[in-house]
Amino acid sequence: MASTSILSPERRIELNPYDVDAWNILLREHQARPIDQARPFYEKLIGQFPNAGRYWKSYIEHELRAKNFENVEALFSRCLISVLHIDLWKCYVFYVRETKGHLSSFREKMAQAYDFALEKVGLDMLSHSIYSDYISFLKTVPAVGQYAENQRISAIRKVYQRGIATPMLNIEQLWNEYTSYEKGINPTLAEKLIADKNKDFQNAKKVTRQLENLMRGINRQAISVPPRGSAAEMKQVELWRKYILWEKSNPTNTEEYSHFAKRVIYAYDQALLSLGYYPDIWYEAALFQQEAAQKLAEKGDVKMSNAMVAETTNLYERAIGGLMKDSPLMYFAFADFEEERRKFENVKKIYDRLLAREFVDPTLAYVMLMKFVRRTEGVKATRVVFKRAREDQRSQHHVYVAHALMEYYCNKDSEVAMRIFDFGLKQYGSDPDYALAYTDFLSHLNEDNNTRVVFERILGSSQLPPEKSIDLWDRYLEFESQVGDLTSILKVDQRRREALKPYYGDKQALLLIDRYKFGNLVPCTQEQLKFMGYNKSIRPIAGSAAPSGPTPSIPQGRTPMIANGPSAVMGGQNGLSLEMSGYPRPDTNQMLPFKPKLRPAFSYHPVPGGLFPPPSQVSQLMKLIPPPWSFQGPFVDVDLLLDSFAKFNRDPPKVKSEPIDPNGNFGMYKVADIKKEFHQLLTTTNDPMVVLASQEYQQQFLSRKRAGGGESDSDDESRNVGAGDIYKRRMNMKTGE
């Protein structure tokens, strides 16, 4: 942390392109430069953070100060639709108002700009200024004639009524302005209109309070960066999800589904401005829009449904064209969305865009593309894709396995599938996963001889390293145990022992367990496996495994089934737990579950199902020290610190003292004179402790106290006698007087 602050911002960005603090330092520097010099930096900035509204706003304002209006409009066209940042849209309205006043159609353009802004960000809780400015603008529009005046009043009333029904800050101020406006036009009609709209205002006012509480901890100015898993990031994700779920609960109680859907979609849009590198948020937003389009179509609102479908397409385009350009998940979801709409050419273009990404593994993309082509054009058309995948040097062995299984299951042609496996074996013979997939495929075809030939061919070749052949030997033994006789089983077992001897040594019993196990049944208890050192995962029964790859291990948290037998290490009754005589064991009935929390209170007590509290001294110390999140570094590397302590030399440093010449000088004094005076000082000075302890000094001290009077005597008594004796002595002194 400390070393990072020493580096220049350019160097910090070179080391970490997502260092927002370094970018902000450079931004402040370039804001003071001419726009021609700062423009390359701004392009890099928005290229690195394409959905950061405040960076776009800084770039536009700099161009606006230089009166480069064409560049400003070009920038607005690049970011305005995709970046729904409230400050950016306020900047857009300001630009139109300040630069289009000389046009004859200024009022029409200004009204269109305000309507456009309210359509996009009018649901924002900070949009009050847009409503207020729009109303002020409409009030200044000249109206000639009664018809024009009525049109202006209707337009102003429409904006007012839209604003007072939208949860946002300062909604009370907007309501007061609206009531005053209505009363100023027609007091009689105003009472009816105010009474009708009061319900909407009260509902919006109530929802605004809830919205303020939800948005209080959310940092809306945060820049989207790849997740690092910090507590602050996880807290922000939690708050955004809580806000989105709240919007999905329809807090405004609107009966208009399109309005409800717009609010939820806007919540997702705002979340993606800060969480742009979370593919799950992108997909959930797209999925909600798809469901909303379907419901609108069912309700008969075809126009709105089509608009929602178009918005879904734009959302996917924003994802794969921006922050999610290297996320295969978003490409696949987009392709399925287009395939569902029967836009097959668009699907191919989506896969081509993914395959064109240089730093993305294309293997899974080729597999998904083959499946798509098989669904839409047939199995024979997938061979073109398979050929393309084979020619791509970045592809892995999975394309061979996927296409071979596709030929077998869809075309019912095992010969073609076997030829594909054989062809891939030449290139991936050293890959144990490919070998296992091939042998699994052959074993499910009941091709015993071919399966043995492939096993022998792979294990006998020099392509597969010995350390990678363990799983293949296990599968070979399992295969022989299924179809072979005892002689063939023993031969394979012996060869397996010899091949794996460098890894198992003399622990031959571990290899014997693999010979006698079946699926998730093993010939030993869990305790015996543990003490023998057997750490392989227990696979399900082979017949239930998929033929396309290695059989998966049992799910985490499930206990493998053990054949009925003693539960002790060497004998015992069924159902008894492991007991080791001679070793004490804790009483587990008295143990409490450990459930740590991020910030536990100091008053927690150990109760069943509760928490382990810190000791009282530690709790007191934790109350005094600052909270952990107030410390931002530098952080100590404990290992280096302990190594430094271990290497520390505990012996005091040895100072090389040079002998002093007795005939020389020490400064302006002679050494001999200094020695003489120091010796006299030592011989003539008494030890203070010896003097104080002498009997002569004690007698002199007591005599001086008596000569000093009663006050000193009473002071001495107060130091040497008890409280009761002091009181009696003082009373005697007063009586004597």
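Me: How many helices and how many strands are there in the protein chain?
Reply: The model is predicted, so local features require pLDDT of at least 70 and side-chain atom pairs pLDDT 80 or more, whereas totals for chains, interfaces and linings use all residues. Residues are numbered from 1 along each chain as its sequence is written, and side-chain values use heavy atoms, without hydrogens and water. Elements are DSSP runs numbered from the N terminus: helices are H or I, at least four residues, and strands are E, at least two. On that basis the protein chain holds 36 helices and 2 strands.

Me: What percentage of the residues of the protein chain count as buried?
Reply: Relative accessible area (1.4 Å probe, protein chains only) sets the classes: buried under 20%, exposed over 50%, partly exposed in between. The protein chain has 737 residues. The buried share of these residues is 37%.

Me: What share of the contacts with a separation of 6 or more joins residues 24 or more positions apart?
Reply: A contact requires heavy atoms within 4.5 Å. Among contacts in the protein chain with a separation of 6 or more, residues 24 or more positions apart account for 54%.

Me: At what angle do α13 and α14 pack?
Reply: Axes are lines fitted to C-alpha atoms over the stretch in contact, and angles run from 0 to 180 degrees between N-to-C directions. The axes of α13 and α14 lie 9 Å apart, at an angle of about 170°. That makes α13 roughly antiparallel to α14 (over 145 degrees), the angle being about 170°.

Me: Which residues of α13 meet α14?
Reply: On the α14 side, the contact includes F260, R263, V264 and A267. The residues of this contact divide into 8 nonpolar (Ala, Val, Leu, Ile, Met, Phe, Trp, Tyr, Cys, Pro), 3 charged (Asp, Glu, Lys, Arg) and 2 polar (the others, Gly among them). The α13 side consists of W240, Y243, I244, E247 and K248.

Me: At what angle do the axes of α10 and α12 cross?
Reply: R157, Q161 and I164 of α10 meet residues of α12, including L189, L193 and F201. The axes of α10 (residues 146-164) and α12 come within 8 Å and cross at roughly 30°.

Me: Which helix gives the most to the lining of the largest cavity?
Reply: A cavity is a set of points on a 1 Å grid over the protein atoms alone where a 1.4 Å probe fits but cannot get out, and lining residues have an atom within 4 Å of a point. The lining of the largest cavity includes L123, M215, Y243, R263 and Y266, and its classes are 6 nonpolar, 1 polar and 4 charged. At least two lining residues come from each of α12 (187-215), α13 (231-248) and α14 (257-274). With 3 residues, the helix that gives the most is α14.

Me: What is the volume of the second largest cavity?
Reply: Volume is the space filled by probe spheres set on grid points, which are joined across faces, edges and corners. The lining of the second largest cavity includes N51, R54, H85 and L273, and it divides into 4 nonpolar, 4 polar and 2 charged residues. The volume of the second largest cavity is about 50 Å³.

Me: Where is N253 found, a residue other than glycine with positive phi?
Reply: Phi of N253 is near 55°. At 54% relative accessibility, N253 counts as exposed. N253 is found in the loop between α13 and α14.

Key:
On a 1 Å grid over the protein atoms alone, a cavity is a set of points where a 1.4 Å probe fits but cannot get out, and a pocket is an open set with protein on both sides within 12 Å along at least five of seven lines; lining residues have an atom within 4 Å of a point. Angles under 35 degrees count as roughly parallel, over 145 as roughly antiparallel, 65 to 115 as roughly perpendicular and the rest as oblique.
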